[in-house]
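Work through the exercises below with the sequence and the model open side by side. Each task is followed by a solution in steps.

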Amino acid sequence: MSASDQTLCFHRPRLVAKKVLAKPQSEGDGAVVRRSIGRSELKILDPFLMLDEFAVSPPAGFPDHPHRGFETVTYMLQGAFAHQDFAGHKGTIQTGDVQWMTAGRGIIHSEMPAGEGTQKGLQLWINLSSKDKMIEPRYQELLSQDISRAEKDGVEVRVIAGEAMGVQSPVYTRTPTMYLDFTLKPRAQLHQTIPESWNSFVYIIEGEGVFGYSNSSSVTAHHVLVLGPGDGLSVWNKSSKPLRFVLIGGQPLNEPVVQYGPFVMNTQAEIDQTIEDYHYSKNGFEKAKFWGSQ
């Protein structure tokens, strides 16, 4: 089946319901991020809590800080980040690598640039359901060369989570999620199915593209596009340069969200308990008492 024939598969093509430009803002210690999900115009897109495109040069970074109740997915686009946590886990996330961290009941960690110049990447926060918020922390780490990929008709995909173009990611998603990194050559087009019950969005990394209908206006880099309901997304690259974007989707949790910075729970009482646990190094934060990153 050709790419153009495949549009017929979409009884309800997903169209762009909302467009938000991710503007630079300060975060961490001297770092700059472009936040899309998580800013005032787009506070949450269940189950997604935040998406940052970061650009960090030493000595700036994200020194020791806690998390509870969700997952962070760090995807390096350029350069490398050094990571270490209070449980003794440490390593370097290089260009093209992915770290899928389930903070669960508690992590304190640092994320700092591991080289000279500007280190760039994306960090996505995915909410956990109430039954999973207090699980033990865990990591899934994918080296760039181990990420599933496919290429056809001018379209290349790296499958970080979920499935596309006949290839599947080994990542286990506690909250069912797809995370696809597409690059379209000039004049290429893409038709990607998305589960109908899921919320989904696009974040454009570079270039410009047409999303939804072929006669829609093109959209440029650093925009997040919230997609409306439907069973799939069509994309066209009508420009003379490559188009690169991530398509991310997930099953909504449909649960209350109470967030206090890096803590995300279901009730204010749970947030109050989390602040107390962090302050007194208990209930998952015991290792914080004698730890500081090196």
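## Exercise 1: The nonpolar cores

The largest nonpolar core of this predicted model has 28 residues, and those with the most contacts inside it are Leu-122, Leu-124, Tyr-179, Phe-201 and Tyr-203.

Task: State which strands each supply at least two residues of this core, then list what Phe-201 is in contact with, leaving aside its neighbours within four places in sequence.

Solution.

Step 1. The strands that each supply at least two residues of the core are E4, E6 (70-78), E9 (98-102), E11 (119-127), E14 (155-161), E19 (199-206), E22 (223-227) and E24 (243-250).

Step 2. With its neighbours within four places in sequence left aside, Phe-201 is in contact with Ile-37, Leu-45, Phe-48, Leu-51, Leu-124, Val-224, Leu-225, Val-226, Leu-227, Val-246, Leu-247 and Ile-248.

Step 3. A second, separate core has 25 residues, including Phe-182, Trp-198, Leu-225 and Leu-233.

## Exercise 2: Strand E19 and its partners

Task: Find how many bridges pair E19 with E24 and how many pair E19 with E22, then decide whether E19 is largely enclosed or open.

Solution.

Step 1. E19 pairs with E24 in the antiparallel sense, over seven bridges. Ser-200 has Gly-249 of E24 as its bridge partner.

Step 2. The pairing of E19 with E22 is also antiparallel and runs over four bridges. Here Tyr-203 stands opposite Val-224 of E22.

Step 3. The cut-off for buried is under 20% relative accessible area. Six of the eight residues of E19 are buried, so the strand is largely enclosed by the rest of the structure.

## Exercise 3: Leu-247

Task: Is Leu-247 buried or exposed, and what is it in contact with beyond its neighbours within four places in sequence?

Solution.

Step 1. Locate Leu-247 in strand E24.

Step 2. Leu-247 counts as buried because its relative accessibility is 0%.

Step 3. Leaving aside neighbours within four places in sequence, the residues in contact with Leu-247 are Met-178, Tyr-179, Leu-180, Phe-182, Gln-192, Ile-194, Phe-201, Val-202, Leu-227 and Leu-233.

Step 4. For a distance check, take Gly-69: Leu-247 and Gly-69 are 24 Å apart in space, C-alpha to C-alpha, and 178 residues apart in sequence.

## Exercise 4: Two open sheets

Task: Give the strand order of the open sheet of seven strands and of the open sheet of four strands, and name the edge strands of each.

Solution.

Step 1. The seven-strand sheet is open and antiparallel, in the order E2-E3-E4-E11-E6-E9-E12. Its edge strands, E2 (23-27) and E12 (138-142), each pair on one side only. On average, neighbouring strands in this sheet are turned by 25° against each other, direction ignored.

Step 2. Within this order, E6 and E9 form an antiparallel pair over five bridges. Thr-74 stands opposite Gln-99 in E9.

Step 3. The four-strand sheet is likewise open, with antiparallel pairing in the order E18-E23-E20-E21. The edge strands here are E18 (189-193) and E21 (219-220), each pairing on one side only.

Step 4. Antiparallel strands E20 (208-211) and E23 (232-236) are joined by two bridges. Val-210 stands opposite Trp-236 in E23.

## Exercise 5: Backbone exceptions

Task: Which residues are joined by a cis peptide bond, and where do Arg-187 and Ser-281 lie?

Solution.

Step 1. Recall the background: most residues other than glycine have a negative phi, and most peptide bonds are trans.

Step 2. Asp-46 and Pro-47 are joined by a cis bond with omega about 10°; Pro-47 is in the loop between E3 (31-35) and E4 (48-56). Pro-58 to Pro-59 is cis too, with omega near 5°, and Pro-59 lies in the loop between E4 and E5 (62-67).

Step 3. Arg-187 has a positive phi, near 75°, and lies in the loop between E17 (177-184) and E18. Arg-187 is exposed, at 72% relative accessible area.

Step 4. Ser-281 has a positive phi of about 50° and is placed in the segment after helix H2 (268-279). Ser-281 counts as buried, at 14% relative accessibility.

## Exercise 6: The largest pocket

Task: How much space lies in the largest pocket, and which residues lie nearest its centre?

Solution.

Step 1. The space in the largest pocket is about 470 Å³.

Step 2. Its lining has 22 residues, and Glu-27, Arg-35, Met-50, Asp-52 and Trp-125 lie nearest the centre.

Step 3. At least two residues of the lining come from each of E3, E4, E5 and E11.

Terms used. Residues numbered from 1 in each chain as written. Predicted model: local features only at pLDDT ≥ 70, side-chain atom pairs only at ≥ 80, totals over all residues. Heavy atoms only, no water. Pairing = 2+ DSSP bridges. Buried < 20%, exposed > 50% of the residue type's maximum accessible area, 1.4 Å probe, protein only. Core = buried A, V, L, I, M, F, W, Y, C linked by side-chain atoms within 4.5 Å. Contact = heavy atoms within 4.5 Å. Axes fitted to C-alpha atoms, helices over the stretch in contact; angles between N-to-C directions. 1 Å grid on protein atoms, 1.4 Å probe; cavity = no way out; pocket = protein on both sides within 12 Å on 5 of 7 lines; lining within 4 Å. Points joined across faces, edges and corners; volume = space filled by probe spheres on them.
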